[in-house]
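Trainee: I would like to learn how to read a model feature by feature. Could you take me through one?

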Amino acid sequence: PRNHGKKPLTPTECRMILSQRSTRNPIAIGGKDTRIYLGGYMYHLGDLFGISKKLLGCRKFIGVDSGMSHLAGTLGVKSEIINMHDIRSVERELMEFYREMYPSTVSFRRQDLLSKLI
């Protein structure tokens, strides 16, 4: 499967999480081919250098377990990551990986985070 055990967040879930977790107006970031799926938000799309500069200027990165979250972690950007895996063993391993590799990152289980918003 394309998402390897991950269930993508819906636009509604994204908005709910951002409204609860962010303190300012969020800016969506991504590669040049990132699909704009959240209306009403500013987007910064570009190459790795441009995205890295944008991340380094952020107060906090909020995202899912993706390449962008690893970039934020590598850069030492304060981050909150939503673990999207449905497979428990993978979920535990990934959360432990983020904790060990990226001290500036806190990860959340998708189910735990969404249950607090409903």
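Trainee: Is Leu113 buried or exposed?

Mentor: Start with the ground rules. This is a predicted model, in which local features need pLDDT of at least 70 and side-chain atom pairs count only at pLDDT 80 or more, while totals for chains, interfaces and linings use all residues. Residues are numbered from 1 along each chain as its sequence is written, and side-chain values use heavy atoms, with hydrogens and water left out. Now the term: buried means under 20% relative accessible area, exposed over 50%, partly exposed in between, with a 1.4 Å probe and protein chains only. Leu113 has a relative accessible area of 5%, so Leu113 is buried.

Trainee: Where does Leu113 sit, and which residues is Leu113 in contact with?

Mentor: Helices (H or I, at least four residues) and strands (E, at least two) are DSSP runs, numbered from the N terminus. Leu113 belongs to helix H5, residues 110–117. Contact means heavy atoms within 4.5 Å. Leaving aside neighbours within four places in sequence, Leu113 is in contact with Ile17, Arg21, Ile82 and Phe108. Met42 is 71 residues from Leu113 in sequence and 24 Å away in space, C-alpha to C-alpha.

Trainee: On to the sheet. What is the order of its strands?

Mentor: Strands of a sheet pair through backbone hydrogen bonds, either parallel or antiparallel. Here two strands pair if DSSP finds at least two bridges between them. The open sheet has 3 strands in the order S3-S4-S5, with parallel pairing. S3 and S5 stand at the edges with a single partner strand each, so one side of each has no neighbour in the sheet. Direction ignored, neighbouring strands are turned by 20° against each other on average.

Trainee: How many bridges hold each pair?

Mentor: S3 and S4 are joined by 4 bridges. S4 and S5 pair over 5 bridges.

Trainee: How many residues of S4 are buried?

Mentor: 5 of its 5. Both faces are covered: Ser79, Ile81 and Asn83 lie on one side, Glu80 and Ile82 on the other.

Trainee: Which residues of H3 are buried?

Mentor: Met68, Ser69, Leu71, Ala72 and Gly73. Their cover includes S1, helix H2 (48–56), S3, strand S4 (79–83), helix H4 (88–101) and S5. In helix H2, Ser52 counts as buried at 13% relative accessibility. Ser52 is in contact with Leu71 and Leu75, leaving aside its neighbours within four places in sequence. After H3 comes Gly76, with a positive phi near 80°.

Trainee: Show me an exposed residue too. What is the relative accessible area of Glu100?

Mentor: Glu100, in helix H4, has 58% and is exposed.

Trainee: Last, the pocket. What volume does the largest pocket have?

Mentor: Rolling a probe the size of a water molecule over the atoms shows where empty space is left. On a 1 Å grid over the protein atoms alone, a pocket is an open set of points where a 1.4 Å probe fits, with protein on both sides within 12 Å along at least five of seven lines; lining residues have an atom within 4 Å of a point. Grid points are joined across faces, edges and corners, and a volume is the space filled by probe spheres set on the points. The largest pocket has about 1600 Å³.

Trainee: Which residues lie nearest its centre?

Mentor: Ile29, Tyr37, Ile62, Gly63 and Val64, out of 42 lining residues. S1 gives the most, with 5 residues.

Key:
Axes fitted to C-alpha atoms, helices over the stretch in contact; angles between N-to-C directions.
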